[in-house]
Amino acid sequence: MGLKTRKNHCHSVALKVNEQMGTKIGYTFIQSNRAWLPKALVLWIMGMAFISMSIYRGMDEENKIRRKEVLGSMCDQRARMLQDQFNVTVNHVHALTILVSTFHYFKNPSALDQDTFAEYTTRTAFERPLLSGVAYAPRVVDAQREQFERQHGMTITTMKSEPSPIRDEYAPVMFYQEPMSHVKSLDMMSGEEDRENILRARATGKAVLTRPFRLLGSHHLGVVLTFPVYKSKLPPRSTVEERIKATAGYIGGPFDVESLVENLLGQLAGNQAILVNVYDMTNASDPLIMYGDQNQDGDMSLLHESELDFGDSFRKHKMICRYHQKASTPWTALTTAFFLFVIGLLVGYILYGAAIHIVKVEDDFHKMQELKVRAEAADVAKSQFLATVSHEIRTPMNGILGMLALLLDTDLSSTQRDYAQTAQICGKALIALINEVLDRAKIEARKLELEAVLFNLRAILDDVLSLFSEKSRNKGIELAVFVSDKVPEFVLGDPGRFRQIITNLVGNSVKFTERGHIFVKVHLAERTMVKTDAKDETLLNGGTEEGVCRSGTGQFNTLSGLEAADGRNSWDKFKHLIDAEGFQSNASIINMMASNGGSEDVTLMVCVEDTGIGIPLSAQERVFMPFMQADSSTSRHYGGTGIGLSISKCLVELMRGQISFVSRPQVGSTFSFTAVFGKCKEYVFEDIKQSKSEDLPPGFKGLKAVVVDEKPVRAAVTQYHLNRLGIMVKMSSSIKDASSTAKNGDKFQPDIILVEKDCWISGEDSGFNAQLLDWKPNGHVFKLPKLILLATNISKDECDKAKAGGFADTVIMKPLRASMIAACLQQVLSTENKRQAGRGVPNGSSFHQGLLRGKKILVVDDNGVNRMVAAGALKKFGATVECAASAKAALDKLQSPHCFDACFMDIQMPEMDGFEATRRIRQMESKANEQMMNGGSSVDGTAKRDELHLPILAMTADVIHATFDECLKCGMDGYVSKPFEEENLYRELAKFFKSKPLSGA
Amino acid sequence: MEVGQMQRRLLEYTKSLFMEGVLDNQFLQLQQLQDESNPDFVAEVVSLFFADSERLLNDLTRALDQPTIDFKMVDSHVHQLKGSSSSIGAERIKNACVAFRNFCEEQNIEGCMSCLQQVKQEYCLVKNKLETLFRMEQQIVAAGGSIPMMELSF
């Protein structure tokens, strides 16, 4: 069965693991798209690059447009200015033509000669800054040539300064501005260019320009401006013929375009930045440069062309501007774009990094989760393994122990017997250890269930003390227990587990203590919690801080006088406790029980104080960890597995309490724990008090005793035990005090005087014996008080001396226990009542045999073998056994009236199980009871009893506590585990049948 | 053979049964129940156990031969066998039964079959051993000695 449940547990663990793995599927978005992360990063970077590029382009474009606009506006401005200036000059030349026509042709004789012309033109030169000079050439037809030559005394020459050949007409320069003297009498029509110009000028009547050429004087590029002069006023709409006919001559002048433009540009801002070229575009395919460098340097990529209108419709001029330097790299745009890209890159990288990190963390998380699950599973597996192995070891160990027991029953030599006994002891120790491990495993598997039964706490503490009394006596350690009166006599809880904790703690203390004392104290936790002030807390585990040492002599007010680790346990506090509670009679317990009956729980505080080697500070935090000891040498010195404390801690926690400790190396340790117990109800209490109460004999009630002890704590312990026996106690610190009170005719006439060995030894020198003798006659009327010596350990010599010194009566060896004191007192007082002689649990086969004698028992089991064994076992106890192979058969047999005294019921049966059968039996009984109530005592044999109630005990191999609860629920009275063990069976049966024969007898 | 020697042999044999785990404490308990008023108690119980077990084993074999196996029935048979074997202290049968029931729960046919074989083996073993034991006891009784088993109680 055990195996089966373990298996189930296995399943559940596996299930849990699966569940936890299942949660892993909940991936986040990032996790599920992790493969896309690098691609997303690349995409992002590309996107950022594209955006940066477009921003750069946009900014660059804007720059270019602005540059172009600037160029355009600058170019237009220059063109306009040039044109304006040109026009002004042209106008002025026009004015000159009018001057010539007016003064030369309309006046007769001419009012103009060379000097006048020269003077006038020179003085008005500022009006024509662009013209390096002007000259006038009259139109001379060939017929008039000679006349003209004669008249003006010059010869018409060609450009090459040769006398002109005969032509249709000539245009010799007649008047000229001073600097132009070299053109005098040159026939302007002799040059092809000039001739065309002249012809065009007179045909259009407007200013015309030649194509650009190098000027004679300055070698600058220039053009020649020609204007016709008419003899008569022309009508506004004159024809070409009319104009040609009316033409009298021509005024012309060279334009120094280069210096003109140079001057012009010099006046304007920004002329460094741009290059200006002026072209004559008359022949579009072959532009002639008028200004500017022929070499195409500068920024060729950006041009701006502006039309120039110099008033000559035949010739087209154009100004072309370029930037001097190529557009500078657009740094702003570049850096803006670059930084944007870098920022984008960084952001992308950060996001990518974050995502990668998230993925990694999540991966780690999942990994950890998995590991955690596995670790937990491993832990469970470990516990299971421990449980299994322990279980498996137990079985062969039982065999070994059984065999050893058999061996010890045979005839053995003393050496053999010794070996065998040692082996048996070791085996038992091993079993105990395995049980501990099993406990631990059970606790870890949360399978440990605490019982809830009424038990006597004080008796258990006495038991534990008696366990260690031998050891403590050998070591000379004072071992004592004190239970506060406020603690109820019976509490509801698990006595076995409580005992286990106490045993463990005391066992540890005994193990680690070589001198001094071990003191177990139990009181109500609420009380001490209030009393514990903050000042004390600071002392805890604090180390060497003083304040514990209260008496000047270096003695401490503890049980043995040695310093204890926990200052709170000092006498001051202890006295406080006792004072607060008062040492009244035992009756107060009952009162208190009554008054506190309301609340259901009681929290007890248990302290185990020792003056041992203490726990090293470094090891203190590991104390409650399983398999941990202070250090490895500890286990070498003292043995043990280090599992006990961890079990104790678990058990305490199961009891809804806490365990803690205060320890100072070389001073001692104090372990304290709280535990919550149920209080028993008042009405139950009385019952139990009768049936189950301590085995303390009541014969000492009303006796009076004096305890002579200089140590108040120790005295209080003695007093506690005596009070439990109902003895009234007076304390005195020395024998002198005690005897003096007695002498003073105090009403308190002690029947017993208990003297601590220390007091006796110290008092011996100061005439102790005499004092005692003094005392003795004082008790004249009554019997003399009995003298009892209390000692932890006593040598033979001392014993003899004590006997000689008046302690003839007895010596009580510590540790004190109420029952032991009772036994001693009984011996001393030789009380007549000897009733307690045989009150122990009856043992032995003879008793077993009688237990069920005459009882008729029904065994219900579907398994024949089981039935037979059960029957056999019950017969052994003297019962008459009947069997039923099924629940149905059992029900038939149990139809009332029946004569069975008890029924053993298998639980797992086909058709109808034990629970159901029991329920039916109870139904039948209640029906019968009703009938009986109604119809009076008609059924013979059962009439005496109040009610029909057949004790039904379950038989099952299932030892889980829950099954037991189930049994009780359906009306069963008890529970026997299968297969039967004699002791076990007896114990259960005794519950039902023990009291009856005794009370009946 | 001398009676004392026979008694020693019986004891040794018994011990070996315990060491091999064929029997456990429960068998001792059983022997304790045997006394003058009930001198053949152990033998009776054991022979009942044999009869019972053989019946159960047959039932089990049959049940597992069926095309559709009624695991509930198999389980109840095994439960019976486990109960009776633990009652007489036949520990190895009991342990085999525990494994058997686990397979039953899982409805693992192969596991059940192999367990059945194992149980049968264990049963044969126990039967042989116990029969030898009883034979030895009978020999001792026949030789006029007493069975030293009574000393086993502890």
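This is a predicted model: local features need pLDDT of at least 70, side-chain atom pairs count only at pLDDT 80 or more; totals for chains, interfaces and linings use all residues.
Which residues does A:A171 touch, not counting residues up to four places away in sequence?

**View 1. A:A171 sits in a loop between two strands of chain A.** The strands on either side are β3 (169-170) and β4 (175-176). Leaving aside residues up to four places away in sequence, A:A171 touches A:A137, A:P138, A:L186, A:D187, A:M188, A:M189, A:I198 and A:Y250. The relative accessible area of A:A171 is 0%, so this alanine counts as buried.

**View 2. Chain A as the setting for the close-ups.** If you step back for a moment, you will find 32 helices and 29 strands in chain A. The chain has 1001 residues, and buried residues make up 46% of them. Among the contacts in chain A with a separation of 6 or more, 74% come from residues 24 or more positions apart.

**View 3. Helix α12 of chain A runs through residues 495-512.** From its first C-alpha to its last, this helix of 18 residues reaches 25 Å, close to the 26 Å expected at 1.5 Å a residue. The rest of the structure largely encloses α12(A), because 14 of its 18 residues are buried. At the N-terminal end you can find the cap, A:D494, with a side-chain oxygen 3.2 Å from the backbone nitrogen of A:G496.

**View 4. Helix α27 of chain A covers residues 864-876.** A:N863 caps the N-terminal end, placing a side-chain oxygen 3.0 Å from the backbone nitrogen of A:V865. Just after the helix, look for A:G878, which takes a positive phi of about 95°.

**View 5. B:S84 touches residues of both chain A and chain B.** This serine lies in helix α4 of chain B. From chain A it touches A:N863, A:V865 and A:N866, and from chain B it touches B:F49 and B:D52, not counting residues up to four places away in sequence. A:N863 is the capping residue of α27(A) from the previous view. B:S84 has a relative accessible area of 0%, so it is buried.

**View 6. Chain B meets chain A.** The contact draws on 33 residues of chain B and 27 residues of chain A. About 2,800 Å² is buried between the two chains, and carbon and sulfur atoms give 59% of that area. Three residue pairs are in polar contact across the interface, while the count of salt bridges is zero. On the side of chain B that touches chain A, at least two residues each come from α1 (3-19), α2 (25-33), α3 (41-65), α4 (71-88) and α5 (91-106). The most come from α4(B), which gives eight residues. Sorted by type, the residues on this side of chain B are eleven nonpolar, twelve polar and ten charged.

Note on methods: Residues are numbered from 1 along each chain as its sequence is written. Chains are lettered from A and ligands numbered from 1 in the order in which they are written. Side-chain values use heavy atoms; hydrogens and water are left out. Contact means heavy atoms within 4.5 Å. Buried area is the accessible area (1.4 Å probe) that two parts lose on being put together, summed over both. A salt bridge is a side-chain nitrogen of Lys or Arg within 4 Å of a carboxyl oxygen of Asp or Glu. A polar contact is a pair of N or O atoms within 3.5 Å; within protein, one must be able to donate a hydrogen and the other to accept it, and residues adjacent in sequence count only if both atoms are side-chain atoms. Helices (H or I, at least four residues) and strands (E, at least two) are DSSP runs, numbered from the N terminus. Ala, Val, Leu, Ile, Met, Phe, Trp, Tyr, Cys and Pro count as nonpolar, Asp, Glu, Lys and Arg as charged, and the others, Gly among them, as polar. The expected span of a helix is 1.5 Å times one less than its number of residues. Buried means under 20% relative accessible area, exposed over 50%, partly exposed in between (1.4 Å probe, protein chains only).
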